[in-house]
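My notes follow the order in which I checked things.

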Amino acid sequence: MVGYVVYGRGSFNQLDEIIAPNRTDDLPIIFLVDHFFHDKALVRRIPLQGHDKIVFADVTYEPKTSQVDAVAQQLKDEFGKISGIVGIGGGSTMDLAKAISLMMNNPGSSADYQGWDLVKHHGVYKVGIPTLSGTGAEVSRTCVLTGPAKKLGMNSDFTPFDQIILDPELTTNAPVNQRFYTGMDCYIHCIESLNGTYLNEFSKSYGEKALQLCRNVFLEKAKWDDESDDQLMMASYAGGMSIAYSQVGVAHAVSYGLSYLLGTKHGIGNCIVFDKLDEFYPAGVKEFKKMVGKNKIDIPQHVTKGLSDAQFDTMINVSLGMKPLWENAIGKDWEKKMTREKLRKLFEQL
Ligand SMILES: NC(=O)c1ccc[n+]([C@@H]2O[C@H](COP(=O)([O-])OP(=O)(O)OC[C@H]3O[C@@H](n4cnc5c(N)ncnc54)[C@H](O)[C@@H]3O)[C@@H](O)[C@H]2O)c1
Ligand SMILES: [Fe+2]
């Protein structure tokens, strides 16, 4: 789990004092900032000292192992060692920061560690500061990366941040569509966790709270305001905690396949898939459609139209590789229930 958590509007202002005890010698802190903030006021609030450096994260595409390796190598070449890394941005930037932290202290390529419990050594001190709410990347023990052979996270006990700063003010101006797609990632985490076979009281307690907050912001409140940002940030945190002790399910397993082939982003990809999952999550899908309607969001249709057999096979292979997700969703005998033919039909509907 994350060692330290600070929550509150304006808490970003405490960044300097929070990281101060974690500076070693005169080694720099690296601030990895979502490129969206390149020309924004937030950058001027970063408390740079000594050799500290701001590195902008290009998140046009979701994080790749090659990108992680390149930044880690560049930091090693420039500084040898660093005190730590602070990731400021959405799930993509936070995942990059986690992965780069690990690759500062683990040999080889980040692709070698895509899987479960393959990471051998602690990373450098790492801090996560979300600017979008929903992924739960701020609390999870994974960082999702697309590598040469698979889209899979570095899931390990070394992966969670040492410190997170949850300041809902940073999400204030997120575009409505992006906020919805990333928010739905959280909603879908809750549905998949609460309806999964891995469910336990720990996951349930957090999942139910996160679900209640999602319902409040996306269905019950008349308009979006500061309270919505406050609540969605806590929903993301609780939703992430919920899956930390369980797993996600069908929507994630299928959307990973989609995104591996087509580069579809996580939030919107989950929405495209979840929209078609009545068979697995009937009540959740019904409520999701209500949220889509109320928030006037378009969910893209026919995204797999015209793909070749080989392309469908690629998506099916990536998806079926997510064994724990399927087992959580439909049980130990999932391979009998989710055949390649059935999964192909599902992909064809997207
Ligand atoms: N580690 C985990 O447990 C976990 C869980 C779910 C998803 N993920 C990963 O998270 C990523 C998706 O994250 P996301 O949905 O937060 O989106 P994102 O980080 O990919 O960002 C989406 C877009 O929003 C922009 N952006 C970020 N903050 C903004 C703000 N405040 N205002 C305006 N624009 C802003 C970004 O520049 C980018 O263009 C995927 O790579 C996914 O694999 C990780
Ligand atoms: Fe997710």
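**Entry 1: H5 and H9.** I looked up the handedness of this pair and found that H5 passes H9 in a left-handed crossing. The model I am reading is predicted. H5 covers residues 176-194 and H9 covers residues 266-274. I read an angle of about 55° between them, with the axes 8 Å apart. H5 and H9 are therefore oblique to each other.

Next I looked up who touches whom. On the H5 side I noted Tyr181, Met184, Asp185, Tyr187, Ile188, His189 and Ile191. They meet His266, Gly267, Ile268, Asn270, Cys271 and Phe274 of H9. I sorted the residues of this contact into 8 nonpolar, 4 polar and 1 charged.

**Entry 2: the ligand.** I asked which residues are closest to ligand 1. They are Asp34, Gly91, Ser92, Ser140 and Thr182, among 25 residues that surround the ligand. Then I went through side-chain polar atoms. Ser92 places one 2.6 Å from an oxygen atom of ligand 1. For Ser140, I found a side-chain N or O atom 2.6 Å from a ligand oxygen. For Thr182, the corresponding distance from a side-chain N or O atom to an oxygen of ligand 1 is 2.7 Å.

**Entry 3: H11 and H14.** I moved on to H11 (residues 309-320) and H14 (residues 340-349). Their angle is about 110° and their axes lie 10 Å apart. That angle is why I wrote down H11 as roughly perpendicular to H14. I recorded the crossing of H11 and H14 as right-handed.

From H11, the contact takes in Asp309, Phe312, Asp313, Met315, Ile316, Asn317, Ser319 and Leu320. From H14, I listed Arg340, Leu343, Arg344, Phe347 and Glu348. The contact of H11 with H14 splits into 6 nonpolar, 2 polar and 5 charged residues.

**Entry 4: H8 and H12.** My last pair was H8 (residues 250-262) with H12 (residues 323-330). I read about 150° for the angle and 8 Å between the axes. The crossing of H8 and H12 is left-handed. H8 contributes Val250, His252, Ala253, Val254 and Tyr256 to the contact, and H12 contributes Leu325, Trp326 and Ala329. How many residues of the contact of H8 with H12 are charged? I found no charged residue there, with 7 nonpolar and 1 polar.

Notes
Residues numbered from 1 in each chain as written. Chains lettered and ligands numbered in written order. Predicted model: local features only at pLDDT ≥ 70, side-chain atom pairs only at ≥ 80, totals over all residues. Heavy atoms only, no water. Axes fitted to C-alpha atoms, helices over the stretch in contact; angles between N-to-C directions. Helix = DSSP H or I, 4+ residues; strand = E, 2+ residues; numbered from the N terminus. Parallel < 35°, antiparallel > 145°, perpendicular 65-115°, else oblique. Left-handed = near helix turned anticlockwise from the far one by under 90°. Contact = heavy atoms within 4.5 Å. Nonpolar A, V, L, I, M, F, W, Y, C, P; charged D, E, K, R; others polar. Near = heavy atom within 4 Å. Polar contact = N/O pair within 3.5 Å; in protein donor to acceptor, adjacent residues only side chain to side chain.
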